[in-house]
Amino acid sequence: MNTFDEMFDFVVVGSGGGSMCSGLVFRKSAKSVVVLEKTPLIGGTTARSGGVMWIPNNRFMKRDGVPDSVEQAVSYLEAVSGGRNDTPGSTADRRRAYVEEGSEMVDFLVDQGVKLTRVGYWPDYYDEKPGGSEQGRTVVAELFDVNELGPWKAKLRPNFMTIMAPLDEMLKMQYINKSWEAKKIAAKMVLRTLYAKLTGKHYITAGGALQGRMFQAALKAGVDFRTDTGVKELIVEDGAVKGVVVLKDGQPWRIGARLGVLVNAGGFAHNQAMRDQYQPGTQAKWTNTAEGDTGEMIQEMMRHGAAIAQMEEMVGNQMSLPPGTENDPVKPVVQGVTAAPHAILVDQSGARYMNEAGSYMAYCKGMLERNQVVPAVPSWAIMDSQFIRSSMLAGTMAGPNKPANWFESGFLKKADTIEELAGLIGVAPAALRATVDRFNGFVAKGQDDDFKRGARAYDRWLGDPFAANPSLGTIEQGPFYAMEVVPGDVGTYGGVVTDRHARVLREDGSVITGLYATGVSTASAMGRVYPGAGASVGPSFVWGYVAAKHALANCA
Ligand SMILES: Cc1cc2nc3c(=O)[nH]c(=O)nc-3n(C[C@H](O)[C@H](O)[C@H](O)COP(=O)(O)OP(=O)(O)OC[C@H]3O[C@@H](n4cnc5c(N)ncnc54)[C@H](O)[C@@H]3O)c2cc1C
């Protein structure tokens, strides 16, 4: 039945990272585009996120004299993600296409007036591998005055950071008690906030700034947006996707797509049934993704024959839940805690079991894998007083004054000796003592023989750059502290299999005509690894861009 209630050239399901990017490509060719978003807010988890995009060989690296090339980046991706036969989302072809298209996509956005830049120093997560970049390949948006959105302002999903500072500055501000640069940044931030108040501006940062700027550019270009408009079905005729069905006033409403449908509908982090099926042991209540991340579009694409892959993968983010935060939409993550000196992570037998300074994805994967052998969910962060004095913890500033209910509720355990602390967390005192003694031995020789913590630039960056040794410090000064750590996440990482043009594929490798997908609705081109900061948002943008170009190039 080829009848539609409405017709567009391109239909985008979900307002994630790639949605507006693809919309801009289409509008540049004066084609009509609609973005259908099921929640009341535009921007998806991308708007909530750090807004960092991992884009190799980008123009800002060139501007800043940071060396990179297509070949260097491809060799890095080969080193971290290549050589496997269980990652159909991550073929050599797709990895190369990602690198080649990514820098072009950034140039395109800049040409469209989207103000982007890079973070000065954010090492790739495996910077020691061939082709790794110590300076990093991250691209972010400049601060954005959200008031520029006018009546659409209220429609942009808020970011989790309300501070008026770019990410670069925020990363440095955590060291305010140690660094003059951080103090200067704080002063600048106060002045900026005052200036904003006086001039009626409202600066937003990170993913809010990125999606705010994209939203502004897309609106200006004439992209049509519909909120509270969830796609219920794909319309498939003769094996090709021709449009989608939404509900309008409670009735099915058929929207046709002349040149294709792009699914940019996020992953399935909030769908516990899918998690139980593909990622047993993980919990929807530990995700920081936006509430729309419920996976039904992945299921709908499967219903039409799409192949899926890498569904076991999530981008873990180690999390600790102080009392009262369990139901917060964005719960506190403790990414750098056990990477800093004077802290380690142990399983429920009191043993260390990984390099605690690895990427958040590797960290949580490590927890879940360890849990198959020894109970390790939750694991315990073990810290001494040197740590507590010098490092932030779960959203609190450095120093021993933590909220009273942290201790009353048992969230933060405190004891005068390691043995006593072991008793509080149900670990054999001799086992924890042995782990701590062994770790202190590594500190003394400046080298972690068990897990090489601190050997990479990334480890040291994540630790405490102002400490004598940024990664390793003794656990010896009481009182001692313990805190549960669970494998939370910032999104799933598997989904439908797509090719180098972002077309959705069937199991037999054939293309589902008219159907494109991007972002975490797809099996990542990075395979089972997080190569660097921005490896979720970056791909969502890049494949959205690629899909739009392909759909346009192939129109009759
Ligand atoms: C706090 C936090 C910080 C993060 N920081 C970073 C970072 O800096 N860099 C990075 O790479 N990753 C980061 N991540 C992860 C990253 O944000 C997500 O993986 C990524 O944004 C997903 O983008 P997407 O485009 O695939 O989907 P999303 O941005 O989640 O967009 C999908 C949209 O589709 C909508 N939708 C779903 N189903 C339907 C339907 N049936 N019909 C219509 N609409 C639908 C959803 O409501 C949602 O709005 C972070 C995550 C969090 C939570």
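Q: How many disulfides does the structure hold?
A: This is a predicted model, where local features need pLDDT of at least 70, side-chain atom pairs count only at pLDDT 80 or more, and totals for chains, interfaces and linings use all residues. Residues are numbered from 1 along each chain as its sequence is written, and side-chain values use heavy atoms, leaving out hydrogens and water. A disulfide here is a pair of cysteine sulfur atoms within 2.5 Å. By that cut-off, the number of disulfides is zero.

Q: Is Cys-21 buried or exposed?
A: Buried means under 20% relative accessible area, exposed means over 50%, and partly exposed is in between (1.4 Å probe, protein chains only). Cys-21 sits at 0% relative accessibility, so it counts as buried.

Q: How are the axes of α1 and α8 oriented to each other, roughly parallel or roughly antiparallel?
A: The axes of α1 (residues 17-28) and α8 (residues 206-221) come within 9 Å and cross at roughly 30°. Angles under 35 degrees count as roughly parallel, over 145 as roughly antiparallel, 65 to 115 as roughly perpendicular and the rest as oblique. The two helices are therefore roughly parallel.

Q: Which residues of α1 meet α8?
A: Contact means heavy atoms within 4.5 Å. On the α8 side, the partners are Gln-211, Met-214, Phe-215, Ala-217, Ala-218 and Ala-221. From α1 come Gly-17, Met-20, Cys-21, Leu-24 and Arg-27.

Q: Which residues does Val-436 touch, not counting those up to four places away in sequence?
A: Val-436 lies in helix α15 (residues 429-445). At 0% relative accessibility, Val-436 is buried. Its contacts are Ile-344, Ile-418 and Ile-475.

Technical notes: Axes fitted to C-alpha atoms, helices over the stretch in contact; angles between N-to-C directions. Helix = DSSP H or I, 4+ residues; strand = E, 2+ residues; numbered from the N terminus.
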